[in-house]
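Work through the exercises below with the sequence and the structure at hand. Each task is followed by a solution in steps.

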Amino acid sequence: MAAAFDLPEDICLSGQGAVRFERDIYRCDDLARIVLDDTDLSGAVEVEVESDSGDTEMVTLSEFATGSFEGSITLSAVTGTPEDGILHVTDAGAITVTYF
């Protein structure tokens, strides 16, 4: 069995990276997995995850292969404390991941 996928154009040569969520849709009580590919980075990388409910959390991604990182954050529809490691979300809301 084999799987195939396309790499974004010039990602291997340009030094540019790409960050994404593992899935397009999550439930309010899911664990959202984040994947980052950037050959200019190594070790651990921090990303910012934000929901349109206004909550923002920092997530540390671990390098699992050269230039490839992964991590996750718990989602919850229950309102909590900012920077508690749980991203507070709303039904039909959006979540965004950003790295610098």
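A salt bridge is a side-chain nitrogen of Lys or Arg within 4 Å of a carboxyl oxygen of Asp or Glu. The model used here is predicted.

**Exercise 1.** Which residues are joined with Arg33 into one network of salt bridges?

Solution. Step 1: Arg33 also meets Glu70 in a salt bridge, at 2.1 Å from N to O. Step 2: Glu70 lies in strand 5 (residues 68-76), 37 residues from Arg33. Step 3: through shared partners, Glu22, Arg33 and Glu70 form one network.

**Exercise 2.** Asp30 and Arg23 form a salt bridge. Is Asp30 buried or partly exposed?

Solution. Step 1: the closest N and O atoms of this pair are 2.6 Å apart. Step 2: Asp30 has a relative accessibility of 17%. Buried means under 20%, so Asp30 counts as buried. Step 3: Arg23, at 39%, is partly exposed.

**Exercise 3.** Over which residues does pLDDT stay under 50?

Solution. Step 1: the chain averages a pLDDT of 87. Step 2: the values stay under 50 over residues 1-5. Step 3: where pLDDT is low, the predicted coordinates should not be read in detail.

Notes:
Residues numbered from 1 in each chain as written. Predicted model: local features only at pLDDT ≥ 70, side-chain atom pairs only at ≥ 80, totals over all residues. Heavy atoms only, no water. pLDDT = per-residue confidence, 0-100. Contact = heavy atoms within 4.5 Å. Buried < 20%, exposed > 50% of the residue type's maximum accessible area, 1.4 Å probe, protein only. Helix = DSSP H or I, 4+ residues; strand = E, 2+ residues; numbered from the N terminus.
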